[in-house]
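Thanks for making time this morning.

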Amino acid sequence: MKRLDGRNALVTGGSTGIGRAIAIRFAQEGANVAINYHSSGEEAEITHEEVKKACGIIREYGCREMVVQTNVIDEGDVQEMFARVLDAWGRIDILVNNAGIQKAAPTEDVSMNDFDRVLAVNLRGAFLCAREAVRHFLARGGGGVIINDSSVHQIIPKPLYTPYAVSKAGMGNLTRTLALEYAGRGIRVNAVGPGAILTPINKAWINNPEKKAEVERHIPLCRAGTPEEIAAVFAFLASDDASYVCGQTIYACGGLTLYPDFRTTWSSPD
Ligand code: NAD
């Protein structure tokens, strides 16, 4: 018996990186997976091909897949996305709020447009999807699971990425507040806080050996993580193995939340 046998999952931002790995891992665990993503411009074609490949892998595991291209910032579109999945499958058991973006700029140069866009995808999108999922879980009874893809920057400041850090800090209390509000009605809400993971969001350094080494120098486990290592934590939280885990963020970050600068005794010299 696989841990997610027969369950239906909706994964936002499931076309690449961590979301794609979650979609595939969930299917490996027996879940049917609806992959959401939003892509435009030059990258759209490549993304569509990658999503097709992921769908093929999901089918190879004997599970059903569907693709819902939706911008998670739009209330009406999110409602339509849930309606489409529910029309096709009748129920959703697991929502993963993974869609996310970031943009670097000194805070004094951040435009309101960029601030609003990062907050809209990372936090408003997660809220809109969580609200639809909760409405569905309550209407059908029997509870459900929501897992948010947060970040170590839920608790660690990130200069030059103020909108991103603010959005992930917000995700921390989105997780805890929903968990407390709905725990008594069988809905488990948790989050995963990845560290530095080898995905397209980090294209600035993942294929540059020198920059990658510089990133990895800061990580207690001495290496960046893989999307599959993060997907494994999502699979645990989605499964009944985590049936008593409620309102928590599990940091899968190679030790980044351990104040790595304290590896040495600089603070208490002889
Ligand atoms: P990625 O760029 O590979 O994937 C982002 C996904 O989000 C894509 O599928 C994209 O289509 C989707 N997306 C973007 N805007 C969207 C929108 N408006 N509506 C719907 N989908 C949208 O990035 P990733 O590294 O896999 O990131 C996934 C999540 O993990 C993000 O929330 C990110 O903040 C979080 N995270 C990543 C890292 C890391 O190091 N990679 C670390 C911590 C947290």
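This is a predicted model: local features need pLDDT of at least 70, side-chain atom pairs count only at pLDDT 80 or more; totals for chains, interfaces and linings use all residues.

**The cavity, its lining and the fold**

Which residues line the largest cavity? They are Thr12, Val72, Asn97, Asn98, Ala99, Val121, Asn122, Gly125, Ala126, Cys129 and Met171, and, sorted by class, the lining holds six nonpolar and five polar residues, with no charged residues.

The element that gives the most to this lining is helix H4, residues 112-140, which supplies five residues, and I would like to stay with that helix for a moment. H4 has 29 residues and spans 40 Å from its first C-alpha to its last, close to the 42 Å expected at 1.5 Å a residue. H4 also has a kink of about 45°, centred on Ala120, and after the helix comes Gly141, with a positive phi near 75°.

Stepping back to the whole protein, we have seven helices and seven strands, and their order from the N terminus on is β-α-β-α-β-α-β-α-β-α-β-α-α-β. The radius of gyration is 18 Å, close to the 18 Å that the globule rule gives for 270 residues, so the protein is as compact as a globular protein of that length. Along the principal axes, the C-alpha atoms fill a box of roughly 65 × 45 × 40 Å, and 48% of the 270 residues count as buried, where buried means under 20% relative accessible area.

How values were computed:
Residues are numbered from 1 along each chain as its sequence is written. Side-chain values use heavy atoms; hydrogens and water are left out. On a 1 Å grid over the protein atoms alone, a cavity is a set of points where a 1.4 Å probe fits but cannot get out, and a pocket is an open set with protein on both sides within 12 Å along at least five of seven lines; lining residues have an atom within 4 Å of a point. Helices (H or I, at least four residues) and strands (E, at least two) are DSSP runs, numbered from the N terminus. Ala, Val, Leu, Ile, Met, Phe, Trp, Tyr, Cys and Pro count as nonpolar, Asp, Glu, Lys and Arg as charged, and the others, Gly among them, as polar. The expected span of a helix is 1.5 Å times one less than its number of residues. The bend at a residue is the angle between axes fitted to the seven residues ending there and the seven starting there. The radius of gyration is taken over C-alpha atoms; the globule rule is 2.2 Å times the number of residues to the power 0.38. Buried means under 20% relative accessible area, exposed over 50%, partly exposed in between (1.4 Å probe, protein chains only).
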